[in-house]
Amino acid sequence: MRLRYAATPFVIAALGLGLALVPVAGQTPARPDNVAASDWLQLFNGRDLSDWTIKFAKHALGENLHNTFRVEDGLLKVRYDGWPSFDGEFGHIFYKDPFSYYLIAAEYRFVGEQVTGGPAWAMRNNGLMLHSPSPKTMLRDQDFPIALEIQLLGGLGKGPRTTANLCTPGSHVVYQGALHTVHCTNSTSQTYDGDQWVRVEVLVHGDELVRHLVDGRTVLEYTKPQIGGGGASPVDPAVKIDGTPMTGGYISLQAETAPTDFRKVELLNLEGCTDPRSRSYRPYIVKSNPAMCR
């Protein structure tokens with residue numbers, strides 16, 4: 001079932017142990033709240049990278065260049081202490097499964113200094129890449145996956161620098177009612193200077209709605225993500241078919257020259273069982289999938 005919404009006030013119904021999204025025509029879905037901790041899928045298990053696949057530009061799928069992605073002290077770390085210098089080898093680490101309707105959260109901080117040779121725009125810069133095709137489709141030299149990038153930025157101590165922005169490698173969205181082809185769009189978040197932890201969430205309803213939240217507050221919202229434009233190169237033309245709706249896909253974290261820590265990457269799947277008679281029923285589910293009922 002595909003749900004359509006317009007930007008009007010939330011409707012939330014308290015059911016069971018959580019608050020449900022009520023798919024009433026003409027109303028904007030709310031972020032699910034009061035969800036049991038056990039319902040969150042921990043994409044990062046705190047121990048290893050066994051559920052993830054790494055891809056660096058100019059290198060083969062699966063190569064962890066210079067041991068950049070690693071797990072230490074219970075943190076997923078992006079580190080450049082083994083790099084002599086940077087030469088355009090942007091990296092991404094992909095979770096094993098694709099998703100379509102979900103709420104994803106990442107808790108991150110920036111630490112240390114940018115790798116030698118990194119571009120100025122990439123200082124204290126990382127990202128959550130959503131709705132990507134399989135990493136197996138990326139060409140060897142491809143710099144960025146086709147994706148929606150929820151850009152994570154740290155302050156530089158020089159004034160405002162928002163986080164949870166939108167960048168669009170190989171993609172476009174509809175923003176404020178019109179097709180939006182600008183590559184990066186700032187959110188309305190505050191600036192986070194220093195090495196403080198920040199929690200960013202993204203509410204995703206297929207290609208119907210994407211909403212960025214920081215500290216529980218909406219800072220950016222758009223609809224109808226679709227393949228199009230530049231910002232990812234080179235790409236397989238059989239994969240990059242402009243105008244194709246981006247209804248779901250793979251999730252990745254970046255290695256974009258800035259040392260970064262992630263202490264949590266978790267996901268609440270909003271696709272599932274909507275039959276109250278099933279023990280797998282959850283009142284917050286947005287997209288019904290009877291096959292997930294038990």
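This is a predicted model: local features need pLDDT of at least 70, side-chain atom pairs count only at pLDDT 80 or more; totals for chains, interfaces and linings use all residues.
**Close-ups of an all-strand chain**

**View 1. The whole chain, before zooming in.** Residue numbers run from 1 along each chain as its sequence is written, and side-chain values use heavy atoms, with hydrogens and water left out. A compact globule of 294 residues would have a radius of gyration near 19 Å, and the chain agrees, with 19 Å (taken over C-alpha atoms; the globule rule is 2.2 Å times the number of residues to the power 0.38). Along the principal axes, the C-alpha atoms fill a box of roughly 60 × 40 × 40 Å. Buried residues make up 52% of the 294 (buried is under 20% relative accessible area, exposed over 50%, partly exposed in between, with a 1.4 Å probe and protein chains only). Of the contacts with a separation of 6 or more, 67% join residues 24 or more positions apart (contact means heavy atoms within 4.5 Å).

View 2. Searching the whole structure turns up 11 aromatic pairs (rings of Phe, Tyr and Trp, the last by its six-membered ring, with centres within 6.5 Å; planes under 30 degrees apart are stacked, over 60 edge-to-face, the rest tilted). Take F56 and W83: their ring centres are 6.1 Å apart with planes at 50°, so this pair is tilted. F56 sits in strand β4 (residues 52-56) and W83 in the loop between β6 (75-78) and β7 (91-95), so the pair ties together parts 27 residues apart in sequence. Both F56 and W83 are buried. The rings of F86 and F90 have centres 5.0 Å apart and planes at 65°, so that pair is edge-to-face. F86 is buried at 10% relative accessible area, and F90 is buried at 9%.

View 3. G82 is found in the loop between β6 and β7 and is partly exposed, at 41% relative accessibility. G82 and H66 lie 16 residues apart in sequence, yet their C-alpha atoms are 5.4 Å apart in space. H59 is in the loop between β4 and β5 (69-72), and at 16% relative accessibility it counts as buried. Leaving out residues up to four places away in sequence, H59 touches L65, E89 and R140.

**View 4. S189 in its loop.** S189 lies in the loop between β14 (184-185) and β15 (198-205) and is buried, with 9% relative accessible area. A polar atom of the S189 side chain lies 2.9 Å from the backbone nitrogen of T163. Setting aside neighbours within four places in sequence, S189 is in contact with T162, T163, V214, R217 and V219.

**View 5. An arginine over a tryptophan.** R199 lies over the face of W40, 5.8 Å from the ring centre (a charge sits over a ring if NZ of Lys or CZ of Arg is within 6 Å of the ring centre and within 35 degrees of the ring normal).

Methods: Helices (H or I, at least four residues) and strands (E, at least two) are DSSP runs, numbered from the N terminus. A polar contact is a pair of N or O atoms within 3.5 Å; within protein, one must be able to donate a hydrogen and the other to accept it, and residues adjacent in sequence count only if both atoms are side-chain atoms.
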